[in-house]
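I opened a new model today and kept a notebook as I went. Here is what I looked up, step by step, so that you can follow along.

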Amino acid sequence: MSEEKSLNFIEEIIEADLAAGKHKSILTRFPPEPNGYLHIGHAKSICLNFGLALKYGGATNLRFDDTNPVTEDTEYVDSIKGDVQWLGFQWANEFYASDYFEQLYAFAVKLIEKGLAYVDDSTSEEIATQKGTPTQPGVRNQYAERSEAENLQIFADMRAGKYADGSKVLRAKVDMASPNMLLRDPIIYRIKHAHHHRTGDAWCIYPMYDFAHGQSDSIEGITHSICTLEFIPHRALYDWLIEQLEIFPSHQYEFARLNMTYTVMSKRKLLQMVNEGHVESWDDPRMPTISGMRRRGYTPKSIRDFCDRIGVAKRENLIDLSLLEFFVREDLNKTALRRMAVLDPLALEITNYPEGQVDMMQSENNPEMPETGEREIPFSGTLWIEREDFMEEASKKWFRLAPGSVVRLKSAYIVRCTGFEKDADGRVTKVLAEYIPESRSGSDTSGVHAKGTIHWISAAHAVQAEVRLYDRLFKVENPAAEEGDFKSYINPDSLQVIENAYIEPALTAAKVGDHFQFIRKGYFTLDAVHSNASKLVFNRTVTLKDNWAKEQKK
RNA sequence: UGACCCAUGGUGUAACGGUAGCACUACAGAUUUUGGUUCUGUCUGUUAAGGUUCGAAUCCUUAUGGGUCAACCA
């Protein structure tokens with residue numbers, strides 16, 4: 001197979017490095033901070049990092065960037081591990097930046113000894129003003145002149161807990177006039193008397209990101225450290241520290257993060273959605289989190305395929321939600337078992353069907369996979385059909401039920417609509433029809449052609465269930481880019497709860513994690529949180545494509 | 001009014017100096033016991049201006065547009 005798929009720019013770099021003998025094999029890492037749940041943007045990074053290692057025969061570490069104890073928690077560590085595995089990836093090593101605290105401390109000492117770091121007693125405001133602005137160089141203060149011995153002593157005292165939070169910081173001595181603000185003597189250690197989720201109270205000073213991430217990469221021997229665009233300016237510091245510390249030269253490469261229409265993709269914003277009650281939780285099925293998507297019914301494969309298709313580049317992007325939906329439909333169409341469910345019930349009475357008779361109909365579980373066989377569905381003279389499948393006055397384009405029209409009841413008989421009943425408010429309460437006995441599915445000798453096929457549930461056998469329909473979380477394509485508070489663009493109709501839907505009996509065997517196509521309605525899965533033995537709750541993963549709905553909009 | 005990054009159809013991504021392709025979307029048609037699936041077809045693109053070259057989306061210059069950077073966050 002000479003399937004030639006073009007390489008993304010990172011793959012080109014890796015192939016060049018491998019060809020030049022720069023590395024014998026590659027080592028990547030996925031480095032989340034355990035301060036929130038993973039979202040689809042992280043999935044892109046996960047697929048990239050693990051995918052690269054898989055493709056080039058390398059390995060990937062899972063490394064938690066846990067250098068800020070006040071925001072981090074083991075709850076997040078557990079969810080992140082679960083999400084990565086659910087996506088289908090296995091890390092070579094589970095590491096934590098906090099594993100390296102002792103080593104990092106030694107690195108800082110080395111920097112002091114080289115005259116490249118100093119303890120600064122300034123307040124954060126003073127440091128900020130002394131830093132200057134992007135257009136004005138910063139100025140170094142008197143603390144930069146401290147002796148090596150003094151710096152070493154104070155830094156040791158900082159570690160020993162002799163100083164209060166915020167009273168002192170350790171700064172790298174780089175270049176206060178650099179046009180790159182990150183090189184203006186960046187803070188590399190700060191005092192935080194806080195309990196760390198792993199090291200407990202062993203430390204009261206913690207390294208900053210810039211003094212932990214690159215060093216951790218280096219310690220692990222990461223060959224290609226891949227991160228998002230906003231870290232581009234950090235690369236100069238990343239390289240400077242590796243050079244001064246004389247450690248393994250990991251290299252950082254940056255790609256554009258994923259953005260998607262009608263949602264937000266920052267942990268901070270997602271946390272707000274949760275904290276302010278706009279959604280149920282981090283795993284609310286409307287959230288773009290991995291856990292939310294899992295609960296909604298997305299499959300790992302659909303997410304991987306999506307990440308594969310969107311590519312990796314350096315330009316800002318805003319991916320259409322429809323692309324993600326395409327991949328779930330593609331996967332679920334092939335794998336989901338077909339079932340019938342009526343979401344908005346309307347009675348259909350077959351007036352010529354023998355009173356009290358029940359027939360068992362056979363219906364394929366999945367036409368795309370004949371090996372999944374068939375199931376039996378009870379049929380009787382009193383059915384529930386979808387209210388939207390009946391129309392009092394139909395146009396020539398209408399294929400469904402209307403007075404005088406003929407439709408196929410899926411996997412059962414063809415019926416002819418003979419009339420309907422209304423209540424005092426003019427609301428249709430019942431549709432009347434006659435069935436054609438010779439038209440039974442599989443042995444149809446009637447010669448009658450029905451243009452439309454509709455789904456149904458035998459009223460006497462119907463099982464009641466709750467069905468939750470989801471729509472886009474926001475009303476605008478890019479809420480983060482709009483004026484004002486992004487939350488003012490929340491779609492108030494993103495969740496519709498249908499309490500009284502009717503489902504076919506076979507669905508009572510549904511288990512969490514099963515995927516179904518409710519014929520003509522979409523793909524559904526059991527809600528892992530709200531569903532229980534006495535009350536089945538289904539989430540709609542995504543609708544089916546609906547050309548009729550499009551036709552109607554014209 | 002500094003530095004850095006980026007610029008290809010509606011969206012995303014290829015083409016590595018030699019015919020602008022692929023996917024999604026949209027549209028049209030065929031098939032269909034899901035108005036699903038499948039199949040066929042159609043529309044839409046190199047930000048601009050110069051330059052180098054036999055030849056430029058690609059290299060150079062300038063402009064324009066977008067993004068990033070002044071957290072003891074990552």
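Predicted model: local features only at pLDDT ≥ 70, side-chain atom pairs only at ≥ 80, totals over all residues.

**Entry 1: Val-274**

I began with Val-274 and found it in helix α9, which covers residues 267-275.

Is Val-274 buried or exposed? Its relative accessible area is 18%, and the cut-off for buried is under 20%, so Val-274 counts as buried.

Next I looked up what Val-274 touches, leaving out residues up to four places away in sequence. I noted Val-279, Ser-281, Trp-282 and Met-287.

I also checked Val-274 against Arg-184. They are 90 residues apart in sequence, and their C-alpha atoms are 37 Å apart in space.

**Entry 2: how confident is the predictor?**

I looked at the scores before going further. The mean pLDDT of chain A is 97, and 99% of its residues reach 70 or more. For the model I wrote down an ipTM of 0.97 and a pTM of 0.96.

**Entry 3: the whole chain**

How many helices and strands does chain A have? I found 13 helices and 25 strands. The radius of gyration is 31 Å, while the globule rule gives 24 Å for 554 residues. The value from the model is well over the rule, so chain A is more spread out than a compact globule.

I then fitted a box along the principal axes, and the C-alpha atoms fill roughly 100 × 55 × 45 Å. Of the 554 residues, 52% count as buried. Chain A exposes about 24900 Å², and carbon and sulfur atoms supply 49% of that area.

**Entry 4: a parallel sheet**

A reminder to myself: strands of a sheet pair through backbone hydrogen bonds, either parallel or antiparallel.

I followed an open sheet of three strands in the order β1-β2-β3, with parallel pairing. Its edge strands are β1 (27-30) and β3 (93-96), and each pairs on one side only. On average, neighbouring strands here are turned by 30 degrees against each other, direction ignored.

Strand β2 (residues 59-64) is joined to β3 by four bridges. I picked out Asn-61, whose bridge partner in β3 is Asn-93.

Which helices did I find on this sheet? Helix α3 (residues 74-86) lies across β1, β2 and β3 and runs at about 160 degrees to β2. Helix α7 (residues 213-220) packs on the sheet too, touching β1, β2 and β3, and its direction makes about 140 degrees with that of β2.

**Entry 5: an antiparallel sheet**

My next stop was an open sheet of four strands in the order β4-β5-β6-β7, with antiparallel pairing. At its edges stand β4 (117-120) and β7 (205-207). Each has a single partner strand, so one side of each is left without a neighbour in the sheet. Neighbouring strands are turned by 20 degrees against each other on average, direction ignored.

Three bridges join β6 to β7, and Ile-191 has Ile-205 as its bridge partner in β7. Helix α4 (residues 101-113) lies across β4, β5, β6 and β7, at about 120 degrees to β6.

**Entry 6: around β15**

I also traced strand β15 (residues 382-386), which is joined to β12 (residues 345-350) by five bridges and runs antiparallel to it. Pro-345 has Glu-386 as its bridge partner there. Three bridges join β15 to strand β20 (residues 456-458), again antiparallel. The bridge partner of Trp-384 in β20 is Ile-457.

Asp-185 has a phi near 45 degrees. It lies in the loop between β5 (169-172) and β6 (187-191). With 0% relative accessibility, Asp-185 counts as buried.

Tyr-262 has a phi near 65 degrees, a positive value as well. Where is Tyr-262? I found it in the loop between β9 (251-255) and α9. Tyr-262 has a relative accessibility of 15% and counts as buried.

How values were computed:
Residues numbered from 1 in each chain as written. Chains lettered and ligands numbered in written order. Heavy atoms only, no water. Pairing = 2+ DSSP bridges. Helix = DSSP H or I, 4+ residues; strand = E, 2+ residues; numbered from the N terminus. Axes fitted to C-alpha atoms, helices over the stretch in contact; angles between N-to-C directions. Contact = heavy atoms within 4.5 Å. Rg over C-alpha atoms; globule rule 2.2 N^0.38 Å. Buried < 20%, exposed > 50% of the residue type's maximum accessible area, 1.4 Å probe, protein only. Areas by Shrake-Rupley, 256 points an atom, 1.4 Å probe, with all protein chains shown as cover. pLDDT = per-residue confidence, 0-100.
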